[in-house]
Amino acid sequence: MKTNHLFIAALLLLGTASCGTNYRMTSQIGSDGSIYREVYARGDSAFIAGDKTHNPYMFQIDADWQVVKLDSAIKFNFWGEKENLNVKVCRKLPIVDGEYFSVTKGKEYMYPLAIPTERVKKSFRWFYTYYTYTATYKELMDKGPVPLSNYMNKEEQIIWFCGDNSAYNGLSGMELKDKLDGIESKFGEWYSRSQYEINWEVIRDFILAQGDTTNIHRLDESKEAVYKNHFSTQDTWGDAQIDVLCNIFDIINQTKYYSELYLKNKEAMNNMAEEKIKIAEVLYNSIQFELSMPGKLLSSNARTLNNNSAIWKIDGFRLLADNYTLNAESRVINYWAFGVTLLIILLILGAFVKLYRRTR
């Protein structure tokens, strides 16, 4: 399978949906277990001027957040894609054990990507104090009209969306490429079929609204044949747009009914398709999540480790197969504990020496 076919399919499926957006979130855990957090974004002129109805974030900005306009746009590198950021919001969480975001009104579908369940645990163990951080982003429940399991089994989903190092053990580069190409092909088929189902449903809904049972029957009868003959092969991925579908149904039924229906209702049909395809907006938003821990970072499942910081990439694709959990652990040396321990040892040793001398 050629990768560019899948890329074109993804772009066309996004079609009428909003463009993807990158966010940068930095979180610094304090020695008391609190978190100081900053989230960077690109806001429009209205938001910069103070109009919060133009909120560029996935979550609501309430009184707990301080909005800071940056003096100049910061060009930040998001995994090779540079984007200007001109605003940040920040706040401090004294205790971290739960959910600390709420979704923006009208964007409830963004909940899994916008609201993680977080926890910071501080554990005192005399010589060391350990800090553990976890954040769980929940699996997307709405994956569109076509079940992903129709095309990819659970193992393939985990490999493709979440990454599974155990699945690559012992494979050569050629073997690994063959395995990933096969999974990519299945993903592309699911994506293509999802697009087809959404646009087909839009056409059907508009015909149904007119009470035209004859053309509804024709549409239902030819549904599977049209997909099989025109959209199921890899070379035509991404072509199942509403206008293209209408032209095909016209040719099959030797009529101009479907194309004329689209021309008369073009804006309304595109708007309905956009509403049905909200999943695409979730998929194409991403967060660069940066976490700084007290002391020395011991372990993490982060994509990148930079000095004492762990960096993850979080996007909707990672939530298609399962929950996505971030975890990190660090350790701070309690120097005073070593001093106290040494003092206790010296006192005990001194007591034994004094006792020994008395017995002599």
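1. In this predicted model, the centres of domain 1 and domain 2, taken over C-alpha atoms, are separated by 34 Å. The domain assignment gives domain 1 as 22-146 + 280-336 and domain 2 as 161-279. The contact between the two draws on 15 residues from domain 1 and 13 residues from domain 2.

2. How much area do domain 1 and domain 2 bury between them? The figure is about 1300 Å², and 69% of it falls on carbon and sulfur atoms. On the side of domain 1, Pro145, Val146 and Ala280 supply 37% of the area buried against domain 2, more than any other three residues.

3. The largest nonpolar core has 57 residues. Within it, the members that touch the most others are Tyr57, Tyr133, Ile287, Phe289, Trp312, Ile314 and Leu320. Both domain 1 and domain 2 give residues to this core, so it lies between them. Apart from it lies another core, of 23 residues, including Ile207, Ala240, Ile248 and Leu261.

4. Leaving out residues up to four places away in sequence, Leu320 touches Glu139, Leu140, Lys143, Leu148, Gln157, Phe161, Trp190, Ile279 and Leu283. Leu320 is also one of the residues of the largest core that touch the most other members.

5. Gln157, one of the residues touched by Leu320, sits in helix H4 (residues 154-162). Is Gln157 buried or exposed? Its relative accessible area is 6%, and because buried means under 20%, Gln157 counts as buried. Beyond its neighbours within four places in sequence, Gln157 is in contact with Leu148, Ser149, Met152, Cys162, Leu320 and Ala321.

6. On the cysteines: a search of the whole structure finds zero disulfides. Cys90 has a relative accessible area of 5% and is buried. Cys162, which is among the contacts of Gln157, is partly exposed at 26% relative accessibility.

7. Strand S1 (residues 21-29) pairs with two strands described here. With strand S8 (residues 285-292) S1 runs parallel, joined by eight bridges, and Asn22 stands opposite Ser286 in S8. With strand S2 (residues 35-41) S1 pairs in the antiparallel sense, over six bridges, and here Ile29 stands opposite Ile35. The hairpin of S1 and S2 has five residues between the strands, and in this hairpin Gly33 takes a positive phi near 90 degrees.

8. Ile35 lies in strand S2. Ile35 is buried, with a relative accessible area of 0%. Not counting residues up to four places away in sequence, Ile35 touches Ser27, Gln28, Ile29, Arg91, Lys92, Leu93, Val96, Val120 and Tyr133. Ile35 and Met293 are 258 residues apart along the chain, yet 9.7 Å separate their C-alpha atoms.

9. Which residues other than glycine have a positive phi? Trp126 has a phi near 65 degrees. Trp126 is in the loop between strand S6 (117-125) and strand S7 (128-137), and it is partly exposed, with a relative accessible area of 33%. Asn307 has a positive phi of about 55 degrees although it is not a glycine. The place of Asn307 is the loop between strand S10 (304-306) and strand S11 (309-315). At 77% relative accessibility Asn307 is exposed, the cut-off for exposed being over 50%.

10. Lys276 is in helix H9 (residues 266-276) and is partly exposed, with a relative accessible area of 32%. Setting aside residues up to four places away in sequence, Lys276 touches Ile198, Glu201, Val202 and Asp205. Lys276 and Leu326 are 50 residues apart along the chain, and their C-alpha atoms are separated by 30 Å.

How values were computed. Residues numbered from 1 in each chain as written. Predicted model: local features only at pLDDT ≥ 70, side-chain atom pairs only at ≥ 80, totals over all residues. Heavy atoms only, no water. Core = buried A, V, L, I, M, F, W, Y, C linked by side-chain atoms within 4.5 Å. Buried < 20%, exposed > 50% of the residue type's maximum accessible area, 1.4 Å probe, protein only. Domains from an automatic or database assignment. Contact = heavy atoms within 4.5 Å. Disulfide = S-S within 2.5 Å. Pairing = 2+ DSSP bridges. Helix = DSSP H or I, 4+ residues; strand = E, 2+ residues; numbered from the N terminus. Buried area = accessible area lost by both parts, 1.4 Å probe.
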